[in-house]
Amino acid sequence: MPASQHTVAGTVLTMPVKIRKANQHMAMFSVDADASQQIIDYSGLHVCRYLPGRAVVILMLMHYVDGDLGQYHEYGTNVMVNPPGSNVSGPRALQSAAAFIHHLPVDQAFTLEAGQTIWGYPKVMADFTVRECDQFGFDVSIDGRLVAGMEFRPGLPMPSALTSRKQVFRTYSYRDGVTRETPAEMSLTDVRYRLGGARVWLGDHPYAKELASLGLPKRALVSGSVGNVQMSFGDAQVLR
């Protein structure tokens with residue numbers, strides 16, 4: 001069958017959309033499961049309770065350098081959820097969990113429109129300040145109000161044999177009353193991880209208040225960076 005196509009701002013995108021080079025900084029946090037569930041109840045999905053009363057939220061900055069959607073920065077608040085129909089819990093539940101994209105500010109209009117219309121991602125326009133001096137850090141603001149800032153200490157390099165294999169994953173999104181699942185593939189090189197290693201601060205934007213309701217800022221379980229991310233995204237599938 002012919003590949004599907006989408007027209008965004010006069011540009012035709014042929015699926016899958018490809019990201020040829022990006023870099024990433026992320027931190028994973030253990031948060032209250034009931035509070036996490038409350039903020040994503042609108043999606044109809046259920047948080048992954050990897051420990052009794054605990055869920056996982058990942059805060060992430062992506063810098064897309066070369067890809068079909070152009071160059072841009074993107075901040076994500078990702079809540080780990082069970083696949084629809086699954087109520088598995090416990091540490092092994094994270095192996096099958098996937099990210100529900102709750103916040104996704106970006107700084108370019110083209111990727112905003114593409115993300116909203118093709119995948120139903122909650123993209124909004126934002127401003128980013130990125131610092132790459134002694135420690136990598138960034139701030140993200142919307143309409144002049146700070147959402148969050150993060151600073152990362154360098155991690156330890158991971159063996160390429162463990163990280164360079166192509167990974168198949170999915171993300172979930174919700175927009176205009178519709179929950180969607182998007183399939184994707186990813187490969188990583190120049191990967192670093194460490195325990196803790198990330199400092200977070202919050203502003204006064206409503207997004208920041210949601211993060212505070214989860215108990216942030218707090219110590220990260222683990223943080224990491226990826227020097228080169230390659231990805232491809234297929235068409236979203238409507239779940240409900």
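Me: Which residues make the nonpolar surface patch of about 270 Å²?
Reply: Leu156, Met158 and Tyr193 make that patch. Patch members have over 30% relative accessible area and no salt bridge; like charges are joined within 9 Å, and nonpolar side chains (Val, Leu, Ile, Met, Phe, Trp, Tyr) within 5 Å. The areas come from the Shrake-Rupley method with a 1.4 Å probe, and for residues only the protein chains shown count as cover.

Me: Is this a prediction or what? What should I keep in mind?
Reply: This is a predicted model: local features need pLDDT of at least 70, side-chain atom pairs count only at pLDDT 80 or more, and totals for chains, interfaces and linings use all residues. Residues are numbered from 1 along each chain as its sequence is written, and side-chain values use heavy atoms, with hydrogens and water left out.

Me: New topic. How many salt bridges are there?
Reply: The count is 10 salt bridges. A salt bridge here is a side-chain nitrogen of Lys or Arg within 4 Å of a carboxyl oxygen of Asp or Glu.

Me: Give me one. What does Arg20 pair with?
Reply: Arg20 pairs with Asp68, and their closest N and O atoms are 3.0 Å apart. The two come from distant parts of the chain, 48 residues apart. Arg20 is in strand E3 (residues 17–32), while Asp68 is in the loop between strand E4 (54–67) and strand E5 (72–81). Arg20 is partly exposed at 36%, and Asp68 is partly exposed at 27%.

Me: Which residues are linked with Arg20 in a network of salt bridges?
Reply: Asp66 and Asp68 are linked with Arg20 in that network.

Me: What about Asp34, which side chain does it meet?
Reply: Asp34 meets Arg49 in a salt bridge, 3.0 Å from N to O. Asp34 lies in helix H1 (residues 33–40) and Arg49 in the loop between H1 and E4, so the pair ties together parts 15 residues apart in sequence. Arg49 is partly exposed, at 29% relative accessibility.

Me: Back to E3. What does Gln24 touch?
Reply: Gln24 is in strand E3. It is buried, with a relative accessible area of 10%. Not counting residues up to four places away in sequence, Gln24 touches Met60, Leu61, Met62, Gly224, Ser225, Val226 and Val229. Contact means heavy atoms within 4.5 Å.

Me: Now rings. How many aromatic pairs?
Reply: There are seven aromatic pairs. One of them is Tyr64 with Tyr72, stacked at 4.4 Å centre to centre and 25 degrees between the planes. Rings of Phe, Tyr and Trp (its six-membered ring) pair if their centres lie within 6.5 Å; planes under 30 degrees apart are stacked, over 60 edge-to-face, and the rest tilted.

Me: Are those two tyrosines, Tyr64 and Tyr72, buried or exposed?
Reply: Tyr64 is buried at 5% relative accessibility, and Tyr72 is buried at 4%.

Me: Which rings form a cluster?
Reply: Ring pairs link Tyr42, Phe100 and Tyr174 into a cluster.

Me: On to helix H4. Which residues are buried there?
Reply: In helix H4 (residues 206–213), Tyr207, Ala208 and Leu211 are buried. Down the axis of H4 they fall within an arc of 100 degrees, so they line one face of the helix. The arc is that of the directions from the helix axis to the C-beta atoms.

Me: Why point them out?
Reply: Most peptide bonds are trans.

Notes
Helix = DSSP H or I, 4+ residues; strand = E, 2+ residues; numbered from the N terminus. Buried < 20%, exposed > 50% of the residue type's maximum accessible area, 1.4 Å probe, protein only.
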